[in-house]
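Here is a short briefing on one protein structure. It is meant to be read with the sequence and the 3D view open.

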Amino acid sequence: MSTLVLLGSSRRNGNTEHLVNVALQGIEHEKIYLLENNIFPIVDQRHVTGGFSPVHDDYERRFLDFLKHETIFFVTPLYWFGMSGQMKVFFDRWSQYLRDDRFDFTKEMMKKRAYVIVV
């Protein structure tokens, strides 16, 4: 079973990364540092004829990495009563892929086991 860690911290080697290293010690996993990717926010066009405009950033590459794994750890510090901005933008972009005919997003998500670590 392949495991992916999506790190939403705004810094490397901080408390968030330390905790996930302890939690997943001995478990093979891939890490994606959202901070090190250019992932842009989008305008919600779910209800617009034609759907979303293309966005030229790193999101689709990271989304494809996300889809390859069976177990996902969403790891984020708690900033102002919520997840980090990096993690929030990652989730917000799911709206775009719910309308993308290349993916059966709902079916793919049902196959996944997800965990959340909030520091």
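This is a predicted model: local features need pLDDT of at least 70, side-chain atom pairs count only at pLDDT 80 or more; totals for chains, interfaces and linings use all residues.

Residues are numbered from 1 along each chain as its sequence is written, and side-chain values use heavy atoms, with hydrogens and water left out.

**Nonpolar cores**

- The largest nonpolar core has 18 residues, and those with the most contacts inside it are Leu-6, Phe-63, Phe-66, Phe-74, Phe-90 and Trp-94.
- At least two residues of this core come from each of strand E1 (3–7), helix H2 (59–68), strand E3 (71–76), helix H3 (85–92) and helix H4 (94–98).
- H2 gives the most to this core, with four residues.
- A second, separate core has eight residues, including Val-5, Leu-7, Phe-73 and Ile-117.
- A nonpolar core is a set of buried Ala, Val, Leu, Ile, Met, Phe, Trp, Tyr and Cys residues joined through side-chain atoms within 4.5 Å.
- Buried means under 20% relative accessible area, exposed over 50%, and partly exposed in between (1.4 Å probe, protein chains only).
- Helices (H or I, at least four residues) and strands (E, at least two) are DSSP runs, numbered from the N terminus.
- In soluble globular proteins, nonpolar side chains tend to be buried together.

**Phe-90 and helix H2**

- Leaving aside neighbours within four places in sequence, Phe-90 is in contact (heavy atoms within 4.5 Å) with Leu-6, Leu-34, Ile-39, Tyr-59, Phe-66 and Phe-74.
- The buried residues in H2 are Tyr-59, Arg-62, Phe-63, Asp-65, Phe-66 and Leu-67.
- The buried residues of H2 pack against E1, strand E2 (30–33), E3, H3, H4 and helix H5 (105–110).

**Salt bridges**

- The structure holds eleven salt bridges, each a side-chain nitrogen of Lys or Arg within 4 Å of a carboxyl oxygen of Asp or Glu.
- Arg-12 forms a salt bridge with Glu-36, with the closest N and O atoms 2.7 Å apart.
- This pair links distant parts of the chain, 24 residues apart: Arg-12 is in the loop between E1 and helix H1 (15–23), and Glu-36 is in the loop between E2 and H2.
- Arg-12 is partly exposed at 41% relative accessible area, and Glu-36 is partly exposed at 47%.
- In the salt bridge between Lys-88 and Asp-92, the closest N and O atoms are 2.5 Å apart.
- Lys-88 and Asp-92 are separated by about one helical turn because they are four residues apart in helix H3.
- Glu-60, Asp-100 and Arg-102 are linked in a network of salt bridges.

**Pocket and cavity**

- The largest pocket holds about 200 Å³ of space.
- Of the 15 residues that line this pocket, Phe-52, Gln-96, Tyr-97, Asp-100 and Arg-102 are the closest to its centre.
- A search of the whole structure finds one cavity of 30 Å³ or more, and the largest cavity holds about 60 Å³.
- Residues lining the largest cavity include Leu-7, Arg-12, Tyr-33 and Leu-34.
- On a 1 Å grid over the protein atoms alone, a cavity is a set of points where a 1.4 Å probe fits but cannot get out, a pocket is an open set with protein on both sides within 12 Å along at least five of seven lines, and lining residues have an atom within 4 Å of a point.
- Grid points are joined across faces, edges and corners, and a volume is the space filled by probe spheres set on the points.
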